[in-house]
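Please consult the sequence and structure shown below alongside the text.

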Amino acid sequence: MCAHVLVAEDDEMQAELIRRSLLAEGHSATVVHDGAAALDAARRLRPDLVVLDLMLPVVDGFGVCRVLRGGEEDIPVLMLTARSEEDDVLLGLELGADDYMTKPYSPRELMARIRTVLRRSGRTAGAREDPVVRAAGLAVDPERHEVRCDDVPVECTPAEFQILLAMAAEPERVFTRRQLLQCTRGFDRASTERAVDVHIMNLRRKIEADPRRPVRLLTVFGVGYKLSGGRP
């Protein structure tokens, strides 16, 4: 059962732990850290499941769940909450959440709950019409682990693939080196911000007509990098 899971968790360490656990289970994952980004990613990526922390900034988990359940997308939601009060849990379930877990939790139990929700909903990655993420002339397929640039296959390392997948999911967003470093954890032994610069340099050689004058993978000086070009 391979699925694409959207993880909305503002605690970066917790989000990374969930992402790694999902990858170990054979799933793919997109991570966001606030409610507005969660809603945007849910609309664009149509994930098979949203793992949703209730205490998100910008828009809280209740608001995210309310919008998801009020729209056309019927995406299963598994809530994560540090609140154990019965009223909070009941409100989340009344808004349409499929299951919930209270913190702290074990990664094994969380993965078991995710398997149960996916099985119950019947929404696996193969059921979606098109899981490919497209932006800036790129097509990034999280299921086949393939990248195409202007319809030409591009060979990427696992770390390069995760960076492109994250950036293609949010074109024009500026990612810091630290945020991109989080994408490579578990794939890159050289886990330093300097390693991110090397990955970007290598990616430019693969997707830019002139790597010295990039038009897709741009540097935002003093901040990080962004994928420019938008969606088709």
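## Helix packing and local features

Helix α7 (residues 177–184) and helix α8 (residues 193–207) cross at roughly 80°, and their axes come within 9 Å. The two helices are therefore roughly perpendicular to each other (65 to 115 degrees; under 35 counts as roughly parallel). Axes are lines fitted to C-alpha atoms over the stretch in contact, with angles from 0 to 180 degrees between N-to-C directions. On the α7 side the contact (heavy atoms within 4.5 Å) involves Arg-177, Arg-178, Leu-180, Leu-181 and Thr-184, and on the α8 side Glu-193, Val-196, Asp-197, His-199 and Ile-200.

The model is predicted, with local features requiring pLDDT of at least 70 and side-chain atom pairs pLDDT 80 or more, while totals for chains, interfaces and linings use all residues. Residues are numbered from 1 along each chain as its sequence is written, and side-chain values use heavy atoms, leaving out hydrogens and water.

Helix α7 also packs against helix α1 (residues 12–24). That angle makes α1 roughly parallel to α7. Here Glu-12, Glu-16 and Arg-19 of α1 meet Arg-178, Gln-182, Cys-183 and Thr-184 of α7.

| Helix pair | Axis distance | Angle |
|---|---|---|
| α7 and α8 | within 9 Å | roughly 80° |
| α1 and α7 | 10 Å | about 25° |

Elsewhere, Cys-2 lies in the segment before β1 (4–8). At 34% relative accessibility, Cys-2 counts as partly exposed (between 20% and 50% relative accessible area, 1.4 Å probe, protein chains only). Cys-2 and Glu-143 are 141 residues apart in sequence, with a C-alpha to C-alpha distance of 8.0 Å.

Methods
Helices (H or I, at least four residues) and strands (E, at least two) are DSSP runs, numbered from the N terminus. Angles under 35 degrees count as roughly parallel, over 145 as roughly antiparallel, 65 to 115 as roughly perpendicular and the rest as oblique.
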